[in-house]
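The structure comes first, followed by the text and one table.

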Amino acid sequence: MLNWFKVLSILIKKDIKIEFQTKETLVTLCLFGLLIITVFSLSTENNSLINQNFGAGILWSSVIFAGSIAMVKFFYHEEQNKTLQSLLVMPVPSELILFSKSIVFFIFLSISEIIIFLISSVLFNLNIFSLKLILGCIVFNIGYSVVGSFFGVISSKSSSKEILLTMLLIPIITPILMFIIATTNDVIRSELNSNFQTWLGLGISFDIIFLTLMSYLFGKILED
Amino acid sequence: MKVNAKKVLMLTKISKSYQNNLVINNFSLDFNYGDSVGIIGKNGSGKSTILKISCGLLKPDSGNVLLMGKSFDSTEDGLLIKSRMGVVLHEDMLYPQLTVFENLNFYSKILGIKNVNTKIEELSTLLNLSDYLKISVSKLSNGNKKRVSFAKSLLNDPDILFADEPESNLDDNGKEIVSKIFNDRRKRGLTNFFSTHSEIFLEKCSNQLINLKDFENA
Amino acid sequence: MVRQIYLIATGIVFTISIWMIFLWAPTEINQGQVQRILYLHVPFAWASMVAIIAIAFTSFLFLLTKNDRWDNLSQSLAEVGLVSAVVMLFSGIVWAKPVWGVWWTGEAKLTTALVLFFIYCAYLLFRNYFPPGNARNRIAAIIALIGAIDSPIIYYAAQIWEQNHPKAVVGPLASEESSLNGEMVITLLFCVLTVTLLFVGLVWTQYQTNKLLRSKNV
């Protein structure tokens, strides 16, 4: 078990080191996300009452699409240099590859969300910072990173990576997407009478189900 | 199934097809510890496929693979085998963003090697890589990448070394070094399994030869 | 030959069901003629829901047996399932406007149906975009399983969503439910039977087509 954590931390350190060298994934995530936010901000009148109605939609569509583009980048090099294969002939349990990728992407996603939320709360005059949202984001990011890494590895072998990843990822994560949008809506409109607990239960169960399922299936998608 | 303790590798009735194209049909092979086995054949005759199946990268459609008496099907045994083998393929399988040292350091940590620095120093001297340790892999020539790839596969001093065309991309000096490595390993009772096109290399390094032509109609 | 007889029989049954829909079944009092969409909408909704369960089942069998026939069947089911989902969505939209006053609402069933449609798309898109071979078929089966496991979760999430958002329904049928009399129920059941027959016939035909296409690729 000690060895398990050690290998996991080596894998994570390696990915973060590479990201420090190239800065590709994080920059893609933040810039692309901000670009979508900017396009939306051009089309609104900066009236916070109106923005309250579709703020959640804007925020999350930018995170989702920026996330899936960054995910493609994140796996592109691994496939290009066959480094995933080299881990397969090393004594590394396959689910650790999934976990390390998910954890690293979780970190990137969280950083980019902080930046995107800060900027959009300025652009749209929204007040969105609350403990509820942070908790929701953590649950959402776990699900998104795990399912995204799973499909990221699958689609990295195809020639149309971007469209394939997006098409696979978004329908599957619909439940947690609904959860996070409902939560964000509540926070933006400062509504108290919501069923946040039911949603949180759903989000956590989604994470647990898919974490188990995908760590079990991950070995099967790697072999040729 | 009877496990023969003397055999390091046993392939039994392996078949593998790509997109309805049967590449390997009912292929069997086994050899002992300490053998140095070279495999030759035309392009597309399935040399790489056999190597990849032997080292667990590809799963055969049917048939059985036993490496050091263990099978890849069991996760625990698979990890045990993998910690005792080394693989060099056509692709370098290195992280181009990292330096040579960082690459080797990463892989040796994964393999759980003690005295990482001494080991890397030893291998880089052996493969004439000492000057390149601080340089990122993306800036290396193909020949040097191949050398790093070799260094990577030798980190754990593997019981069995798989190499797909080990001499390709290398200059004369590199070929010399690689055949020396192979012969040293043989003297120490370690196993090599490689594919090649070069007859000279084959003569130098192998004590057993498999020609895929002989299997075509088998 | 058997298939042709089956298809002809299905055609006859289909003709009868059209007669039942338009001439035999009485017009519903509240909704008028437009209610007759029900006789197509419900059976196709049924077909697309059953198809995803069937695909999960055949995919599971494929993973278990590695027999290509199951993979072919999954693909054929998905192709016909996608068409059923499109018919269901389109007939639903056309029906909702005069009855509810809106083309679309955030109702749980509707959201689930839409996401189901996208899961079918993703599955078929994957089959087209991924390099063909054993790996593709296996991953496709895994995707189908994941989609099937996800669908009840999506439905549950859509239900929680619905609780928070009161329906924006303002049409003539906003408050009262429609009542079906005996003849209508018989027609509906007959139509479910018809569409099931049609569905099986289409999957059967598609299965044979795919089988031919696959054998041509050798």
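In this predicted model, the side chains of B:Arg147 and B:Asp171 meet in a salt bridge, with N and O 3.0 Å apart. Two salt bridges are counted between domain 1 of chain B and domain 2 of chain B, along with six residue pairs in polar contact, both residues being at pLDDT 80 or more. On the side of domain 1 of chain B that touches domain 2 of chain B, the elements giving two or more residues are β6 (160-164) and α6 (172-187) of chain B. Of these, α6(B) gives the most to that side, with eight residues. By class, that side of domain 1 of chain B holds eight nonpolar, five polar and nine charged residues.

The domain assignment of chain B places residues 1-84 + 159-218 in domain 1 and residues 94-157 in domain 2. The C-alpha centres of domain 1 of chain B and domain 2 of chain B are 23 Å apart. In the contact between them, 22 residues of domain 1 of chain B meet 13 residues of domain 2 of chain B. About 1,300 Å² is buried between domain 1 of chain B and domain 2 of chain B, and carbon and sulfur atoms give 57% of this area. Within domain 1 of chain B, the residues that lose the most area to domain 2 of chain B are B:Asn169, B:Ile177 and B:Ile181, which together account for 32% of what that side buries.

| Interface | Residues in contact | Buried area | Carbon and sulfur share | Salt bridges | Polar contacts |
|---|---|---|---|---|---|
| Chain A and chain B | 24 residues from chain A, 25 residues from chain B | about 2,400 Å² | 71% | one salt bridge | three residue pairs |
| Chain A and chain C | 34 residues of chain A, 29 residues of chain C | about 2,800 Å² | 80% | zero salt bridges | two residue pairs |

Between chain A and chain B, the salt bridge joins A:Lys17 to B:Glu102, the closest N and O atoms being 3.6 Å apart. The side of chain A that touches chain B draws two or more residues from each of α1 (2-22), α3 and α4 (83-88) of chain A. Helix α1(A) gives the most to that side, with eight residues. By class, the side of chain A that touches chain B has eleven nonpolar, seven polar and six charged residues. A:Val89, A:Met90 and A:Pro91 supply 25% of the area that chain A buries against chain B, more than any other three residues.

Where chain A touches chain C, the elements of chain A giving two or more residues are α6 (131-156), α7 (161-172), α8 (174-188) and α9 (196-222). The largest share of that side, eleven residues, comes from α9(A). The residues of chain A that touch chain C divide into 23 nonpolar, seven polar and four charged.

Over all chains, a search of the whole structure finds 25 aromatic pairs. For A:Phe74 and A:Phe108, the ring centres are 6.0 Å apart and the planes lie at 75°, so the pair is edge-to-face. Because A:Phe74 lies in helix α3 (residues 48-80) of chain A and A:Phe108 in helix α5 (residues 94-123) of chain A, the pair ties together parts that are 34 residues apart in sequence.

Key
Residues are numbered from 1 along each chain as its sequence is written. Chains are lettered from A and ligands numbered from 1 in the order in which they are written. This is a predicted model: local features need pLDDT of at least 70, side-chain atom pairs count only at pLDDT 80 or more; totals for chains, interfaces and linings use all residues. Side-chain values use heavy atoms; hydrogens and water are left out. Domain bounds come from an automatic or database domain assignment. Contact means heavy atoms within 4.5 Å. Buried area is the accessible area (1.4 Å probe) that two parts lose on being put together, summed over both. A salt bridge is a side-chain nitrogen of Lys or Arg within 4 Å of a carboxyl oxygen of Asp or Glu. A polar contact is a pair of N or O atoms within 3.5 Å; within protein, one must be able to donate a hydrogen and the other to accept it, and residues adjacent in sequence count only if both atoms are side-chain atoms. Helices (H or I, at least four residues) and strands (E, at least two) are DSSP runs, numbered from the N terminus. Ala, Val, Leu, Ile, Met, Phe, Trp, Tyr, Cys and Pro count as nonpolar, Asp, Glu, Lys and Arg as charged, and the others, Gly among them, as polar. Rings of Phe, Tyr and Trp (its six-membered ring) pair if their centres lie within 6.5 Å; planes under 30 degrees apart count as stacked, over 60 as edge-to-face and the rest as tilted.
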